[in-house]
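Hi,

Here is the structure I promised to pass on.

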Amino acid sequence: MMSKIVRTMSNFLILVVLVYGLYIIMHGHSTPGGGFQGGAVVASGVALLIVAFGSHSIHENLKEHHLSILKSTGLLIFIGLAFGGMARTFFYNFLVGSPIFGHIPPLGPNPGEMLSGGVIPLMDIGVSLNVAGGLSAILLVMALAITATEVEE
Amino acid sequence: MHALVTHSPILIIAIPLLAAFLIPLIGRANEKARDVLVVAALAFVGFLVIILAKDIYFNGLRVYTLGASSSILTIPEHYMVPVRIILEVDSMSTFMAIITATVSLAAAIYSLAFVREETGQNRFYTLLLLLAAGMFGMELTGDLFNLFVFLEIASIAGAALTAFRTRFADTAEGGFKYIVISSIAALMILLAIGLFYAQYNLINIGALAQVMQYTMLDKIALALLVIAFMMKLAGVPLHMWCPDAYSVAPASITVMLVAASYACLYALFRTCFTLYGVCLNLVTVGWIVIIFGLLSMFIGVTMAVFQSDIKRLMAYHCISQTGYMLLGIGVGLAVLDNPEALNSYGIAAMNGGIFHIINNALYKGLLFLTAGALFYRTGTRDLNKMGGLAHKMKWTAIFYIIGALSISGIPPSNGFASKLLLYESTYQFHPVIAIVAMITSILTLASFTKAFYSAFMGAELPEYEEVKEVPKSMMAGMAILVVGIIFFSLFPGLVIDWLAHPATEALINQGAYISGIMGGMG
Amino acid sequence: MEGIPFNIPFLAVAAMIGIAFYIIVSQRNLIKLVMGLSILASGVNLFLITLGYREGGIAPVYTHAPTERMVLPIPQALTLTSIVIAVACLALMLSMVVHIYRHTGDIDAEKSRQMKG
């Protein structure tokens, strides 16, 4: 648990970090970024909270099994979309041309379209849920384990 | 049915993944549903492997392109090279997939009772399914980077499972050694992939084999790949992690780690035979593989004779049996460009080495599961503390005898059949090899007899009064492997004609592998 | 890059891999061994990205300017995958070091050995 200034600023900064992470996730198919990168940014926001507030007070609200459900949901979205194109082959991009994320961008220099790419942005969302949940769980559990080890000595 | 066979290469990898992702949600709700899901997923995958193997035996090899508009479209229009992830399945791949499917099913059924009192069972079954998916991925893929990714999946899942029982002090050490060695080996493989991509702009195995020119960088990549795969399959002198990791893991996980090291053995064969083929200095590389095999056989069995921990003893035997497989394939590799030597003893040596892989997976798996049964009932792995258990655990003793006779190569077991093939063919290549192999067999029999007398024979000890036979699911897991051993012992000729010989032919035939990918252009 | 006689990124890769192997072989503190492995992973990732560089190339974003020469994009995808895998491996290794410390009270590789022979 750090001082009042750090806690107040981290309360504000976590929102900025989450928006930044969401931006990286959603535009992953047309700008640098994507599922893992955005998920890691969100997990770094959780790391900020753990450092500012201490792992025990975070653990009162954010249990490990909530993160486990988040992880599984993300992974099931990913593999469900992969099975979705099974009419032709596995991982077939069956959403190209359809109204959900299916717009085909024009060639040449252009600012890029968020609503394009077919299955890929949805898979990015699935992967980012998994990565954010997974890395946050790793950070939370290791922070709890290390403070427990220090207390024992 | 035809659609199922067409999509089966990817379903074999994807169904364990899907089941692994479902387990945290389903296991939280209902434990029995989770057990049923695990066993049903692995049984369905076993069924898919069998129909795929039958189709490939009759119709030749099969490719599957992920994400294309049809599964056999390896090179899109107006392109000259394959651009997607392609799974290429031939007889050697299905041979290894049969081994993995059998071993995973036996391990999963065995684990239902073995880990019942542990906490965190959801994570155990998730990691077990991920380990199985990683092994299937390594065996069915036609792409080097895909091999690297599935190798890492299998390594991380295997290391986490090795250190599963965190209440003991030595499990974390065994798991740590396993993950460090696996990480270093995988990074060396990535370095070799980088060297290939820098020269040829390709990472597909078939496409690389067609344009391979064996420059100096290719020789460096070959050395990196051989050393990395030797680290992963515990060949001497890179075997130090093997006894530690195999002895502290839960018994069903040790069985799957053995199958994972055979998947890395398969990757080594793919590299030597299909990726490089006849442009290697065959005699040099063949003799290097043979020397590794001889060292593994001899050092493995001599270190095993004086061990007092039963699983550590079996792990050293695992190292020595891997030497037999390296020996058979090394002899085949050394005579690959010499047609009359190849037909007279090279193919027989490779048949023996490949048949030995499936024999070893079956009887080594059975022996590790019996050691786990002993640990489950007595709580110790130390042979000096056990004694007189044959009176109480009759079925475990019988399974142990079957496994020990097979591993020592006593007729009429299946171990005898594969070792006889190896002795006869390697003797014609160089007599010293066959003599070392026979001495190893004798020492193997000696150490297993010693372990049997320590654990099972003798007077009953008072602290084991209430020891009973093991639960039914553990017996079912062991029974799957015993049925396989008995079937292979009674009909070895059938097994060689249907399983081992097509695999040998598929390894030697590099041209069929290349033209499967390039669509007849190569 | 013209006036420099050697390729500095490839020399850096060789130095990192050499230092990493030296650390893994010689250090006895388990945390330092894990750090050595992390340096090895970084060296191999740097190698993968450097081999894709083309003289005067631009970033391989397709909407930017598809008429100029781009650096190779596939090694960048391989590197991303490798970084993800290295993160997972590192987390697992550090958890095991925490467990070893808890059971034996020491993170020296010689003093915390349980299995011999």
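This is a predicted model: local features need pLDDT of at least 70, side-chain atom pairs count only at pLDDT 80 or more; totals for chains, interfaces and linings use all residues.

I started with Ala107(B), which sits in helix H3 of chain B, a helix covering residues 91–114. Ala107(B) has 30 C-beta neighbours inside 10 Å, and because the cut-off for buried is 20 or more, Ala107(B) counts as buried. Leaving aside residues up to four places away in sequence, Ala107(B) touches Ser252(B), Val255(B), Met256(B) and Gly477(B). Gly174(B) is 67 residues from Ala107(B) along the chain, and their C-alpha atoms are separated by 20 Å.

Next, the contact between chains B and C: each chain brings 24 residues to it. On the chain B side, helix H5 (144–162) and helix H6 (171–200) each supply at least two residues. H6(B) gives the largest share, 13 residues. By type, the chain B side divides into 16 nonpolar, 4 polar and 4 charged residues.

Finally, helix H15 of chain B, residues 414–429. With 16 residues at 1.5 Å each, H15(B) should span 22 Å, and its end C-alpha atoms are 23 Å apart, so the two values agree. Its buried residues include Asn414(B), Gly415(B), Leu421(B), Leu422(B) and Phe429(B). Among the elements that cover the buried residues of H15(B) are helix H12 (310–334), helix H13 (339–378) and helix H16 (431–455) of chain B.

Best wishes

How values were computed
Residues are numbered from 1 along each chain as its sequence is written. Chains are lettered from A and ligands numbered from 1 in the order in which they are written. Helices (H or I, at least four residues) and strands (E, at least two) are DSSP runs, numbered from the N terminus. A residue is buried if 20 or more other C-beta atoms lie within 10 Å of its own, exposed if 12 or fewer, and partly exposed in between; C-beta atoms are placed from the backbone. Two residues are in contact if their C-beta atoms, placed from the backbone, lie within 7 Å. Ala, Val, Leu, Ile, Met, Phe, Trp, Tyr, Cys and Pro count as nonpolar, Asp, Glu, Lys and Arg as charged, and the others, Gly among them, as polar. The expected span of a helix is 1.5 Å times one less than its number of residues.
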